[in-house]
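Take a look at the structure below.

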Amino acid sequence: MNQDDKKKAVAQAAVRYVEQGSIVGVGTGSTVNYFIEALAPIKNDIAGAVSSSEASTERLKALGIEVFDLNSVDQLSVYVDGADEITEHRHMIKGGGAALTREKIVAAVAQKFICIIDDTKNVDLLGAFPLPVEVIPMARSYVAREIVKLGGDPVYRQGVVTDNGNVILDVHNLTILNPVELERQLNNIVGVVTNGLFAMRGADVVLIGSDEGIQVNE
Ligand SMILES: O=C(CO)[C@H](O)[C@H](O)COP(=O)(O)O
C-alpha cells in the first residue's frame, strides 16, 4: 500500500468516531483532506464542523458541510487531525501546514483528539521534523535568538503567512527529550503565539495506516 492509500484508509477509519448529530472538529493537511471527503456520505447525519484552517473550511463548505465559528460551540466530542511526527506516548509535532495555532485551539475544546497518520509518522524521539513555531511578525528576530539559546536552529519559513497573519520559524536540530517542558519553554518566549509541540495535550487515540491495516494506540 502506498502512503496515500494508507492516509485514505486511516481517514475512513476515523469516521466511526464521529457521533450522530454532533459538530466535528476538523484539522488540516493531506490526511485530513481524505477525512473531509469521508464525511461527505454522512454529512446529513452531522450538525456540521469546526475547522482549524481556511483551507479546510473551504473544502468542508464545498461539500455542503456547515462550518461553525468555534465561539458559538460549547463542546466538541471529537477533533480529527494528522501529525508530522508522533511518539508511542501520543506526543506530536504538528504545523507542517502552518495551521498549528488554530489546530491547538480546536483540539483544546474537544473531548477526544483522534490523530490519523500513516506509519511513516511514527518516531521514537520527536525532532527530526523541524518544529514549527508561530510568531508575531515584529518579534521574529528576537524569538529566533531566544530559540538559539534553547539549542535550536530556527529557519524563517519564507513567504508563509498564517491564517492569523503571523510568520513561522521552523526549528531544526532539536533533541526533544522532554516535549512537555520544551512546549512550555517555547510558549513562554514573548512574541510566540504557539509552537507545534502537542505534548501537554497530546492525542487521545491514534489511528495508524499501515500495510497490516489500521493500528490503534489509545
Ligand atoms: O499539522 C498539520 C498542519 O498544520 C498537519 O496535521 C500535519 O502537517 C500533517 O499533514 P499531512 O496529513 O499532510 O501529512
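Sort the shell around the ligand by class, and you get four nonpolar, nine polar and four charged residues. Keep in mind that this is a predicted model. In total, 17 residues surround the ligand. Gly29, Thr31, Gly82, Gly96 and Gly97 are the closest. Two elements each give two or more residues to this shell: helix H2, residues 30–39, and helix H4, residues 100–109.

In soluble globular proteins, nonpolar side chains tend to be buried together. Here the largest nonpolar core holds 59 residues. Which of them touch the most other members? They are Phe35, Tyr79, Val80, Ile114, Cys115 and Ile116. Strand S6, residues 110–118, supplies the largest share of this core, with six residues. Both domain 1 and domain 2 contribute to the core, with at least three residues from each.

Zoom in on Ile116. What does Ile116 touch, leaving out residues up to four places away in sequence? The list is Val10, Ala11, Ala14, Thr31, Phe35, Val80, Gly82 and Leu207. Some of these names have come up before. Thr31 and Gly82 are among the residues closest to the ligand. Phe35 and Val80 are among the core residues that touch the most other members.

Where the domains touch, 13 residues come from domain 1 and 13 residues from domain 2. On the domain 1 side, H4 gives the largest share, four residues. That side has five nonpolar, five polar and three charged residues.

Finally, step back to the whole protein chain. It has six helices and 13 strands. Buried residues make up 48% of its 218 residues. Look at the contacts with a separation of 6 or more: 73% of them join residues 24 or more positions apart. The C-alpha atoms fill a box of roughly 50 × 40 × 30 Å along the principal axes. How does the radius of gyration fit a compact globule? For 218 residues, such a globule would have a value near 17 Å, and the protein chain has 17 Å, so the two agree.

Terms used: Residues numbered from 1 in each chain as written. Predicted model: local features only at pLDDT ≥ 70, side-chain atom pairs only at ≥ 80, totals over all residues. Near = placed C-beta within 6 Å. Nonpolar A, V, L, I, M, F, W, Y, C, P; charged D, E, K, R; others polar. Core = buried A, V, L, I, M, F, W, Y, C linked by C-beta atoms within 7 Å. Buried ≥ 20, exposed ≤ 12 C-beta atoms within 10 Å, placed from the backbone. Domains from an automatic or database assignment. Contact = placed C-beta atoms within 7 Å. Rg over C-alpha atoms; globule rule 2.2 N^0.38 Å.
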